[in-house]
Amino acid sequence: PTQFALGQNFPNPFNPTTQITYSLAEEGRVHLVVYNLLGQVVRDLVEEYRTAGSHAIVWDGKDASGRAVASGIYIYRIEASRFSAVRRMVLLK
């Protein structure tokens, strides 16, 4: 990829899992986090060094403690190099 991008999760709405795709124009540290609507961290999905290219991660609808989260709207945010983006997803049980 020639630019950074954060894709819309698929499927959306989802139950019980969803896939999030992102592209990195250059290698570097990536931080991808899921938040609830109160701005609280639900789960860190990626927090590591990644090579340039296209990547995907599956979220299983669970928090950091392994508990299933409630139905609702969740926000996911990526930070990589100078790139930052936010998208919204819906968990519908």
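This report describes the strands, salt bridges, core and some single residues of a predicted model.

## Basis of the description

The model is predicted, and local features need pLDDT of at least 70, side-chain atom pairs count only at pLDDT 80 or more, and totals for chains, interfaces and linings use all residues. Residues are numbered from 1 along each chain as its sequence is written, and side-chain values use heavy atoms, with hydrogens and water left out.

Four strands make up an open sheet in the order 4-3-6-7, with antiparallel pairing. Strands here are DSSP runs of E with at least two residues, numbered from the N terminus, and two strands pair if DSSP finds at least two bridges between them. Strand 4 (41-50) and strand 7 (83-91) are at the edges, and each has a single partner strand, so one side of each is left without a neighbour in the sheet. From one strand to the next the twist averages 15°, where axes are lines fitted to C-alpha atoms and angles run from 0 to 180 degrees between N-to-C directions.

Strands of a sheet pair through backbone hydrogen bonds, either parallel or antiparallel. Strand 6 (residues 72-80) is joined to strand 7 in the antiparallel sense over 9 bridges, and within this pairing Glu79 stands opposite Ser84 in strand 7. Strand 3 and strand 4 are likewise antiparallel, over 8 bridges, with Arg29 opposite Tyr49 in strand 4. These two strands, strand 3 and strand 4, form a hairpin with 5 residues between them, and Gly39 in the turn has a positive phi of about 85°.

## Salt bridges

The whole structure holds 5 salt bridges, each defined as a side-chain nitrogen of Lys or Arg within 4 Å of a carboxyl oxygen of Asp or Glu. One of them joins Arg82 to Glu26, with the closest N and O atoms 3.6 Å apart. Arg82 lies in the loop between strand 6 and strand 7, while Glu26 lies in the loop between strand 2 (18-24) and strand 3 (28-35), so the pair ties together parts that are 56 residues apart in sequence. In terms of relative accessible area, buried means under 20%, exposed over 50%, and partly exposed in between (1.4 Å probe, protein chains only). Arg82 is exposed at 70%, whereas Glu26 is partly exposed at 31%.

Another salt bridge is formed by the side chains of Arg43 and Asp60, at 2.6 Å from N to O. Because Arg43 lies in strand 4 and Asp60 in the loop between strand 5 (53-59) and strand 6, this pair ties together parts that are 17 residues apart in sequence. Arg43 is partly exposed, with a relative accessible area of 24%, and Asp60 is also partly exposed, at 30%. The side chains of Asp63 and Arg67 meet in a salt bridge as well, at 3.3 Å from N to O; Asp63 is buried at 15%, whereas Arg67 is exposed at 53%.

## The nonpolar core

In soluble globular proteins, nonpolar side chains tend to be buried together. A nonpolar core is here a set of buried Ala, Val, Leu, Ile, Met, Phe, Trp, Tyr and Cys residues joined through side-chain atoms within 4.5 Å. The largest such core has 23 residues, of which Leu6, Leu32 and Trp59 touch the most other members. At least two residues of this core come from each of strand 2, strand 3, strand 4, strand 5, strand 6 and strand 7.

Contact means heavy atoms within 4.5 Å. Not counting residues up to four places away in sequence, Trp59 touches a set of residues including Phe14, Val34, Val42, Leu45, Val69, Tyr74 and Met89. Arg43, the salt-bridge partner of Asp60, is also among the residues that Trp59 touches.

## Two buried polar residues

Asn9 lies in the loop between strand 1 (5-6) and strand 2, and Asn9 counts as buried at 3% relative accessibility. A polar atom of the Asn9 side chain lies 3.2 Å from the backbone oxygen of Pro11. Leaving aside neighbours within four places in sequence, the contacts of Asn9 include Phe14, Tyr76, Arg88 and Met89.

Arg50, in strand 4, is buried with a relative accessible area of 18%. Its side chain is joined to that of Tyr22 by a polar contact of 2.8 Å, a polar contact being a pair of N or O atoms within 3.5 Å in which, within protein, one must be able to donate a hydrogen and the other to accept it, and residues adjacent in sequence count only if both atoms are side-chain atoms. Beyond neighbours within four places in sequence, Arg50 is in contact with Tyr22, Leu24, Glu27, Gly28, Val30 and His55.
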